[in-house]
Amino acid sequence: MRNRLAMLIVLALALALPLAARGEGADVLVETFIQRTGIQADAALREKIGTFLREKYITPQVLDMIDDALLQSYARHLSEGLPIDYAALLDDPSQPMPEGAKVLRLAVLLPQGATMESLLADFERGLVYYDENWPVPQDVCRAQYAGTLSDAAAAALLKQLDGMTLEDQCGEIVGVEFSAIRVAVGWEGGVTRCMAGGEGISEAFLDGVSALLATGHAAAQGDL
């Protein structure tokens with residue numbers, strides 16, 4: 001009985017070691033993030049950084065491979081309370097947009113073979129992101145261009161969007177969702193999203209998508 005109890009104690013300690021190591025490792029990873037970015041982090045920000053690292057599955061090896069500019073962008077977004085991704089625009093169930101609803105966010109994604117031209121405009125926070133190859137709603141910190149959304153740029157995007165009828169312009173989607181053109185509008189309490197692919201996409205809809213991307217590109221570069 002004594003030997004069996006001793007074996008159970010040893011087994012329990014062995015099982016507990018990885019958990020302790022993971023906790024200690026997480027603290028070290030947060031500290032490494034803070035040291036590399038040079039930000040001042042109180043307990044609340046440290047918790048946010050730890051949550052971010054866990055949710056993005058960033059291990060010490062992955063952290064080593066992230067360049068300083070991208071890491072600084074993550075640190076800035078975390079410290080300022082800015083979203084790093086806008087996944088809800090792509091994942092939440094789509095609903096008809098209520099009459100008079102205010103547009104808060106806009107995402108546009110246009111597949112180009114193996115790449116994805118994309119735009120994310122956050123009208124609430126006055127931010128805009130654009131990339132020729134990367135779906136920026138998944139991680140705006142990786143965007144090729146990022147900038148302040150000027151009043152003129154916001155007005156231009158909203159005017160172009162107002163000229164598009166999303167629900168009537170979606171053709172049959174062929175293949176995986178990644179290959180579909182996507183326009184997603186976020187408003188208070190919901191998302192309206194159009195995914196168009198295959199046959200039946202109107203030229204007017206394609207022209208609208210191209211216009212939104214062109215405006216977003218100019219806005220993110222500070223040219224509008």
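Helices (H or I, at least four residues) and strands (E, at least two) are DSSP runs, numbered from the N terminus. The structure is a predicted model, in which local features need pLDDT of at least 70 and side-chain atom pairs count only at pLDDT 80 or more, while totals for chains, interfaces and linings use all residues. Residues are numbered from 1 along each chain as its sequence is written, and side-chain values use heavy atoms, with hydrogens and water left out.

Thr215 is a residue of helix α7. With a relative accessible area of 9%, Thr215 is buried (buried denotes under 20% relative accessible area, exposed over 50%, and partly exposed in between, with a 1.4 Å probe and protein chains only). When neighbours within four places in sequence are left aside, Thr215 is in contact with Ala153, Ala156, Leu157, Gln160 and Leu224, where contact means heavy atoms within 4.5 Å.

Helix α7 (residues 203-220) packs against helix α6 (residues 151-162) at an angle of about 175 degrees, and the two axes are 10 Å apart. Axes are lines fitted to C-alpha atoms, for helices over the stretch in contact, and angles run from 0 to 180 degrees between N-to-C directions. Helices α6 and α7 are therefore roughly antiparallel to each other (angles over 145 degrees; under 35 is roughly parallel, 65 to 115 roughly perpendicular and the rest oblique). From α6, Ala153, Ala156, Leu157, Gln160 and Leu161 meet Ala211, Leu212, Thr215, Gly216 and Ala219 of α7. The residues of this contact comprise seven nonpolar, three polar and no charged; Ala, Val, Leu, Ile, Met, Phe, Trp, Tyr, Cys and Pro count as nonpolar, Asp, Glu, Lys and Arg as charged, and the others, Gly among them, as polar.

Two aromatic pairs are found in a search of the whole structure. Rings of Phe, Tyr and Trp (its six-membered ring) pair if their centres lie within 6.5 Å, and planes under 30 degrees apart count as stacked, over 60 as edge-to-face and the rest as tilted. Phe52 and Tyr74 form a tilted pair, 4.9 Å centre to centre with 50 degrees between the planes. Phe52 lies in helix α2 (residues 43-55) and Tyr74 in helix α4 (residues 68-80), so the pair ties together parts 22 residues apart in sequence. Both Phe52 and Tyr74 are buried. The ring centres of Tyr130 and Tyr145 are 6.4 Å apart and their planes lie at 25 degrees, so this pair is stacked. Tyr130 belongs to strand β3 (residues 127-131) and Tyr145 to strand β4 (residues 145-148), 15 residues apart. Tyr130 is buried, at a relative accessible area of 2%, whereas Tyr145 is partly exposed, at 25%.
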